[in-house]
Amino acid sequence: RRLLGTAGAAGAAALVAGGAAGAAGAEAVREGPDPLSSVGSAAVPFHGPHQSGILQPAQAHAHLAAFDLMPTADRKAAAALMRRWSDATADMMDGRTPQGDELGVALDAGPSSLTITFGFGRTFFDRTGLAAKRPDALEPLPAFTADALDPKRSEGDLWVQIGADDTLVTFHALRMLQKLAAGTARMRWQMNGFNRTPGATEQPMTGRNLMGQIDGTNNPKQSDANFNTRIFVPDDRNGADGWMAGGSYAVVRRIRMLLDTWDNLSLDQQEKVIGRRKSDGAPLSGGQETTRADLNKVGSDGALAIAGDAHIRVASPATNRGAAMLRRAFNYHDGFRDDGAPDAGLLFVAWQADPLKGFTPVQRKLDRGDGLSRFLRHESSGLFAVPGGCERGEYVGQRLLE
Ligand code: HEM
């Protein structure tokens, strides 16, 4: 039985190529070492209109980290850091060893779908004398009643999202960035996340979160006519945030799941909280995972098939004047807490062209009356301006910093 990977387009292409080569070369004697598996050899391009780590499928392993600039670091120092980080990232994403890298941690692995994404927090603009260029979209998020935020693990001057399908590759990338930041920026917080390993399921499928639900089904699709305008800042933007063309805003929330309470619910109760079946992610209005949810359907018992407070009803663009975001999350599990409960949940990362039209109105509504919120605690929060991608010879954020 041959298991197919879920490494996304690049991985699938590598699998097909590998299959074809295998068939054609069945008689040939292979010389030299075996080629990397499809998981290791899959590479995502660094250069392009958008940074990597937004449109690619979420990888199996991730580090999210924020850095604060040292008191002595000015705009020039920040620009030099972004140049160093960009150059090393271009190398690592292509499977090359960055200049001066003697860490050796990822030496035998291919790029393994590595993506590294950089963002600027609200405070970055004050520290670098660029307050006049700070976008309005970086206004602090409002307080929500389900918030129990730890400021030490929230916000930050610079944000880094590292994802890859190999843990040593993600660790190596993080260490490399940390070394390159020495003297300019210090790590403020770090979180580690995971998703299913490519190839673990028979068919590529939407991932599951730690409540066991299939999560990510009704995300905006790149084939949607309004995808780009919902997720990316338009190219023709004038004014203070013109440098954000092709960029996106990331809302990062560490959301702990009250798993002991959740696990006490019956399957039926759990499915009602979300509005979808746990086994295959189909909406409770019928059909399969990809069937559009019918929010008006009434069952034979006279009740709404998808309950009034079901998460997918309260969060749906249909009940939020079209507000939408691209959710690209990672699970986390950091052992257990003093009360014995698992310290586990979702590193929720939502991408949108404007948080005031994406995350904020939806979270306001979820906070008021969503069946799922009772089982969640938002423990940290960050909002970051993630500039567009860069071309060869440029660095990420150059249009802001040069
Ligand atoms: C949908 C789980 C937090 C926004 C879903 C679905 C699940 C889920 C299982 C259905 C499948 C899908 O379409 O992806 C969770 C969990 C959360 C969480 C476990 C926290 C740990 C949030 C937050 C927001 C959000 C904080 C936004 C503020 C959405 C949206 C949908 C959705 C927009 C799609 C609704 C639709 O149009 O069908 N979520 N969610 N979720 N969630 Fe969440």
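The model is predicted, so local features are given only where pLDDT is at least 70 and side-chain atom pairs count only at pLDDT 80 or more, while totals for chains, interfaces and linings use all residues. Residues are numbered from 1 along each chain as its sequence is written.

**Overall fold**

- The protein chain has eleven helices and nine strands, where helices (H or I, at least four residues) and strands (E, at least two) are DSSP runs numbered from the N terminus.
- The radius of gyration of the protein chain is 22 Å, which agrees with the value near 21 Å that a compact globule of 402 residues would have; the radius is taken over C-alpha atoms, and the globule rule is 2.2 Å times the number of residues to the power 0.38.
- Along its principal axes, the C-alpha trace of the protein chain spans about 65 × 65 × 50 Å.
- Buried residues make up 45% of the 402 residues in the protein chain; a residue is buried if 20 or more other C-beta atoms lie within 10 Å of its own, exposed if 12 or fewer, and partly exposed in between, with C-beta atoms placed from the backbone.

**Around the ligand**

- There are 25 residues around the ligand, and among these Gln-213, Thr-217, Asn-218, Ala-315 and Ser-316 come nearest; a residue is near a molecule if its C-beta atom, placed from the backbone, lies within 6 Å of it.
- The elements that give two or more residues to this shell are strand E5 (248–257), helix H9 (311–315), strand E8 (342–352) and helix H10 (359–369), and H10 gives the most, with four residues.

**Helix H10**

- The buried residues of H10 are Phe-359, Thr-360, Val-362, Gln-363 and Leu-366; seen down the axis of H10, they fall within an arc of 165 degrees, so they line one face of the helix, the arc being that of the directions from the helix axis to the C-beta atoms.
- The face of H10 turned away from its buried side carries the exposed residues Arg-368 and Gly-369.
- E5, H9 and E8 are included in what covers the buried residues of H10.

**Strand E1**

- Strand E1 (residues 61–69) is mostly covered, with seven of its nine residues buried.
- E1 runs antiparallel to strand E3 (residues 158–164), to which seven bridges join it, and in E3 the bridge partner of Ala-65 is Val-160.
- E1 also runs antiparallel to strand E4 (residues 185–194), with nine bridges joining the two, and in E4 the bridge partner of Asp-68 is Arg-186; two strands pair if DSSP finds at least two bridges between them.

Key. Contact = placed C-beta atoms within 7 Å.
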